[in-house]
Amino acid sequence: LPLQLELACRQESGKTYKFSVDEDLWTIVSKHLVVWVDEQTYWIASRFLMLGFELDLYSPAEYCMVYWYMYVVFIRLLEKMQLRLVSNSVNGELFLLYTVWAEASILLPS
């Protein structure tokens with residue numbers, strides 16, 4: 001938003017500058033930041049849910065709901081991790097397949 005305001009003010013004043021590099025950099029950084037924040041948020045949610053089991057906060061009647069919620073949180077966490085890895089990886093498709101397999105084998109009981 002500050003960059004957009006600055007661009008609008010400069011366009012109105014008649015000054016013309018090239019901001020394509022700065023705009024592209026801002027877009028890239030903001031996308032990576034949003035993905036990182038989402039990933040951290042889901043990780044924190046999963047940790048809180050697991051801590052509830054360690055502290056015996058859930059009754060046996062609530063286990064089903066908590067397991068379902070943990071499933072949703074872990075799926076979202078995996079999606080965000082995949083998005084980050086694909087965006088950072090040169091050979092994203094192979095790396096994505098490997099990480100999905102590795103993380104699924106860790107999360108799913110054998």
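User: What does Ser 46 touch, not counting residues up to four places away in sequence?

Analyst: Ser 46 touches Val 73 and Phe 74 on that count. Val 73 and Phe 74 also belong to the largest nonpolar core.

User: What makes up that largest nonpolar core?

Analyst: Eight residues do: Leu 49, Tyr 58, Val 66, Met 70, Val 73, Phe 74, Leu 77 and Met 81. Helix α3 gives the largest share of this core, with six residues. To count as a core, the residues have to be buried and joined through side-chain atoms within 4.5 Å.

User: Which residues is Met 70 in contact with, leaving aside its neighbours within four places in sequence?

Analyst: Met 70 is in contact with Leu 49, Met 50 and Phe 53.

User: What nonpolar patch on the surface does Trp 68 form, and with which residues?

Analyst: Trp 68 forms the patch with Tyr 69, Tyr 71 and Ile 75, and together they have about 460 Å² of accessible area. A patch residue needs over 30% relative accessible area, so Trp 68, at 52%, passes that cut-off.

User: How many helices and strands does the chain have?

Analyst: The chain comes to four helices and zero strands, and read along the sequence the pattern is α-α-α-α. Of its 110 residues, 19% count as buried. Among contacts with a separation of 6 or more, 44% are between residues 24 or more positions apart.

User: Where in the chain is confidence lowest, and where is it highest?

Analyst: Helix α4, residues 92-107, is lowest with a mean pLDDT of 55, while α3 is highest at 87. The chain averages a pLDDT of 74, and 56% of the residues score at least 70. Where pLDDT is low, the predicted coordinates should not be read in detail.

User: What is the accessible surface of the chain?

Analyst: The accessible surface comes to about 8,900 Å², and 66% of that belongs to carbon and sulfur atoms.

Terms used:
Residues are numbered from 1 along each chain as its sequence is written. This is a predicted model: local features need pLDDT of at least 70, side-chain atom pairs count only at pLDDT 80 or more; totals for chains, interfaces and linings use all residues. Side-chain values use heavy atoms; hydrogens and water are left out. Patches are made of residues with over 30% relative accessible area and no salt bridge: like charges are joined within 9 Å, nonpolar side chains (Val, Leu, Ile, Met, Phe, Trp, Tyr) within 5 Å. Accessible areas come from the Shrake-Rupley method with a 1.4 Å probe; for residues, only the protein chains shown count as cover. A salt bridge is a side-chain nitrogen of Lys or Arg within 4 Å of a carboxyl oxygen of Asp or Glu. Buried means under 20% relative accessible area, exposed over 50%, partly exposed in between (1.4 Å probe, protein chains only). Helices (H or I, at least four residues) and strands (E, at least two) are DSSP runs, numbered from the N terminus. Contact means heavy atoms within 4.5 Å. pLDDT is the predictor's confidence in each residue, from 0 to 100.
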